[in-house]
Amino acid sequence: MLPTGVIRDCRFVHPQVLQVYIQEDEDQNINFKNLSIHRAATEEEALNLLFLGDTNRTVSETPMNQASTRSHCIFTILLEARRAGSDKVRRSKLNLVDLAGSERVAKTGVDGTILKEAKYINLSLHYLEQVIVALQERNMGLSRGHVPYRNSLMTMVLRDSLGGNCKTVMVATASGEGQNMEESISTCRFAQRVAMIRNQVSVNEQVDPAAIIRRLKQEVRDLKEELRLVRGDAPERGPLTTNELDRLTKQLLAYVDEPDQTASINLGGDMMVIRA
């Protein structure tokens, strides 16, 4: 995320491909247009994506830092977990945020492009601080109903990571040198405000519609088989083969060992569905 408020996909370099737009639906959920999402099967794949995005960030040399990041970076990890045979799914989102370096313009004496970037960086961090102060005052019981998320794109993107169903952790980097004392104190105050945010969190568990549809379709097939057996429409067949006997034996043993009282066993074909 550039300090000018433009969001870009750090996986790509060409500027015409990187433009990302924010869209808000009727349920106030933030959606991104032109932002790439990639499935990572292993930790190594996820780290490779993180390193690729970090490589394409905007970095410049300033009087206070030889490699100062001139853009905010957000790396989002979407997690999904479900138990075998369950219709419920747990979803979680982890936002790793690296804020751009903030420097006092009067102290560094920068000009030109770096001065323009510093103004945008300080302004975006100011909007972020306004949101954090509003959340802090709301947690303290003060009459603060409005939280200014819409002041900047970054605060809109991080809305559910600041005041939503989430836990927020901030890691602050401070300098022990005397000449940077004012910046260090300002950073510590900023981190202290973040630490005072308190959110009521709960497990984000939802019912998976696709799993329900699959289960209902299986129940319809089972009921049709039972109805065919009751009506006598099931075709006659010969004795069971050796492979069929082995398969049924394994299913019966697994059914007997199943502790769940609602367990069922579908023997298939023209046999009834046995339920506990």
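K88 has V207 of strand 8 as its bridge partner. Before going on, some housekeeping: this is a predicted model, where local features need pLDDT of at least 70, side-chain atom pairs count only at pLDDT 80 or more, and totals for chains, interfaces and linings use all residues. Residues are numbered from 1 along each chain as its sequence is written, and side-chain values use heavy atoms, with hydrogens and water left out.

Strand 8 (residues 205-207) runs antiparallel to strand 7, and three bridges join them. Here two strands pair if DSSP finds at least two bridges between them; strands (E, at least two residues) and helices (H or I, at least four) are DSSP runs, numbered from the N terminus.

Strand 7 (residues 88-98) also pairs with strand 6 (residues 73-82), again antiparallel, over ten bridges. One of the partners to look up is V89 in strand 7, which bridges to R82. Five residues sit between the strands of this hairpin, and G85 there takes a positive phi near 85°.

Now hop to helix 9 (residues 242-257), which holds L252. I265 is 13 residues from L252 in sequence, with 7.6 Å from C-alpha to C-alpha.

Last stop: M140, in the loop between helix 4 (112-139) and helix 5 (153-157).
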